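Please look through this protein model with me. The report below goes through a few loops, helices and cores.

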Amino acid sequence: MRIAIIGAGFTGCLLAVQLLRRSAGAAKVVLIERGGPPGRGMAYGTPHPAHLLNVRTANMSAFPDQPEDFQSWARAHGAGDEPYLPRRFYGDYVGETLAAAGRDFPGGLTMLADGAVGLDHHADGVTVRLASGRTEPADIAALCIGNAPPSAPVPLPDAPGRILVGPEDACLPSILPDETVLILGTGLTMIDIAAGLAAQEHRGRVLALSRRGLLPRPHRDVASKPAALDPAEFVGRPTLAVLRRIRALCREAEAAGGDWRAVIDGLRPFTQALWRGWDETQAGRFLRHLRPWWEVHRHRVAPAIADRVGAMIASGQLQVLAGRLRTVTALEDGLSVTLRRRGAAVDETRAICRLVLASGPETDPARTDDPLLRSLIAGGAARPDRLRLGLDVDSGGRLIGHDGQPSPRLYALGPPTRGAFWEITAVPDIRRQCAEVAAAMLDGDAVPPPARRGFDPGI
């Protein structure tokens, strides 16, 4: 069996490793990546030592059945028992894990430094079209393309070098020490940018703007054990009832001398089941009203990073605003932006040097510039999910086309499947998905027997 994996970030690399290990090298894996070394992606491609993992080292193993794998690797590489390591260490770990699997199963792994721009689905396989003009045939293709860049909420002027988009290591070096910076977004990406600016001794004012002005909460210095929660209290219940129960449990935990984080972590084992139990109305209500609060409590930051950003706020260098960006205009020496604070009746104007887009990834596949996604959607092999959070997939990660049927030959994993699973961006969730999908791909019944090659009219 020949399997083409598009994207060699964490998800693509781990899927490749799982396939090689489970098939003992019998599966031939072609890993396609258009830029950068394998294992990096947007998450772990930063070389900046100020960018730390947002999850403790002990919880970052690439394998569900080997929980100490990353911690052992970190110790062997001189990192000791640091609870939060720089993210570049994790990129090294993933890359070395892939390389080891390639050595263990010679001939099982092929790396292609190329971009996938299209995909043709045939009755007996798939053909990936590459930017170089080459084509790559396979029995199965898996999209492991990670997050798309953020979209701007307002029209942007043509101002080369003034409007920046992450990843952070790409935009930080171009920001001069005394420049005023507006970061659009107050989530984890903003935290990374602010911490990076502090580490490079930035002196200028930094503004961070989002609709609610919420910041990710910090982890505790000492990990707390997840609360033992009963899924029956949550799964299948309406959004508001779930919120009320979570709040009550958090209050009870705090009153007993515990911590609300244990409650949030206790939801992890069945968060996906909770999400899948909501209909479109309930899920939409969560996205409109509760999503920002969930994000800042669920996706937390290392204590050292929280302290660094907190010091920037206390000194007045970093100002966090709740509101909306209204306009952006190019000036001779920078940009002029108008924004309206939450609850205000009038706009205010600020002169800035740089605007950094950090408001979260664009999730609607129909709005991205990715030629591969455009090809799949235009050809009918893929469609956006019900809430346009990514690609529509079934519970096994198989792409659902315009005809409403899942394809046995096309899969998506990781962030593009958030519409089906919601919690599918963190390592513990993705590593489990990779293990399960790899097992399904290698199942002899997962792919129909070869047929006469030709265009599948069901696409």
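Glu 201 sits in the loop between α6 (188–199) and β10 (206–210); helices (H or I, at least four residues) and strands (E, at least two) are DSSP runs, numbered from the N terminus. The model is predicted: local features need pLDDT of at least 70, side-chain atom pairs count only at pLDDT 80 or more, and totals for chains, interfaces and linings use all residues. Residues are numbered from 1 along each chain as its sequence is written, and side-chain values use heavy atoms, with hydrogens and water left out.

**Loop residues**

Glu 201 is not a glycine, yet its phi is positive, near 60°. Is Glu 201 buried or exposed? Its relative accessibility is 61%, so Glu 201 counts as exposed. Here buried means under 20% relative accessible area, exposed over 50%, and partly exposed in between (1.4 Å probe, protein chains only).

His 202 is in the loop between α6 and β10 too. His 202 is buried, at a relative accessible area of 6%. What does His 202 touch, not counting residues up to four places away in sequence? The list is Ile 175, Leu 176, Pro 177, Asp 178, Glu 179, Val 181, Leu 197 and Gln 317. Contact means heavy atoms within 4.5 Å. In sequence, His 202 and Gln 317 are 115 residues apart. In space, their C-alpha atoms are 9.4 Å apart.

Ala 24 lies in the loop between α1 and β2. Its phi is positive, about 55°, although Ala 24 is not a glycine. Ala 24 is exposed, with a relative accessible area of 55%.

His 299 lies in the loop between α10 (280–298) and α11 (303–315). His 299 is buried, with a relative accessible area of 14%. Leaving out residues up to four places away in sequence, His 299 touches Leu 188, Pro 216, Trp 294, Glu 423 and Thr 425.

Now for a residue in a helix. Trp 293 belongs to α10. At 40% relative accessibility, Trp 293 counts as partly exposed. With residues up to four places away in sequence not counted, Trp 293 touches Arg 212, Leu 214 and Arg 217. Trp 293 and Arg 212 are 81 residues apart in sequence, and 9.4 Å apart from C-alpha to C-alpha.

**Two helices by length**

The expected span of a helix is 1.5 Å times one less than its number of residues.

| Helix | Number of residues | Expected span | Span, end C-alpha to end C-alpha |
|---|---|---|---|
| α4 | 18 residues | 26 Å | 26 Å |

In α1, 12 of the 14 residues are buried, so the helix is largely enclosed by the rest of the structure. Among them are Phe 10, Leu 14, Leu 15 and Ser 23. The buried residues of α4 include Arg 87, Phe 89, Tyr 90 and Ala 101.

**How α3 meets α4**

α3 and α4 pack at an angle of about 105°, and their axes are 11 Å apart. Axes are lines fitted to C-alpha atoms, for helices over the stretch in contact, and angles run from 0 to 180 degrees between N-to-C directions. That makes α3 roughly perpendicular to α4, a label for angles of 65 to 115 degrees (under 35 is roughly parallel, over 145 roughly antiparallel, and the rest oblique).

Which residues meet? From α3 come Asp 69, Phe 70 and Trp 73. From α4 come Phe 89, Tyr 90, Asp 92, Tyr 93 and Glu 96. This contact of α3 with α4 holds 5 nonpolar residues, no polar ones and 3 charged ones. Ala, Val, Leu, Ile, Met, Phe, Trp, Tyr, Cys and Pro count as nonpolar, Asp, Glu, Lys and Arg as charged, and the others, Gly among them, as polar.

**The cores**

In soluble globular proteins, nonpolar side chains tend to be buried together. A nonpolar core is a set of buried Ala, Val, Leu, Ile, Met, Phe, Trp, Tyr and Cys residues joined through side-chain atoms within 4.5 Å. The largest one here has 41 residues. Those with the most contacts inside this core are Ile 5, Phe 10, Leu 15, Tyr 90 and Met 441. Elements that each supply at least two of its residues include β1 (2–6), α1 (10–23), α4 (87–104) and α14 (427–442). The largest share, 8 residues, comes from α1.

Phe 10 is in contact with Tyr 44, Ala 62, Tyr 90, Val 94, Val 427, Ile 430 and Arg 431, leaving aside neighbours within four places in sequence. A second, separate core has 27 residues, including Val 126, Leu 130, Ala 138 and Ala 420.
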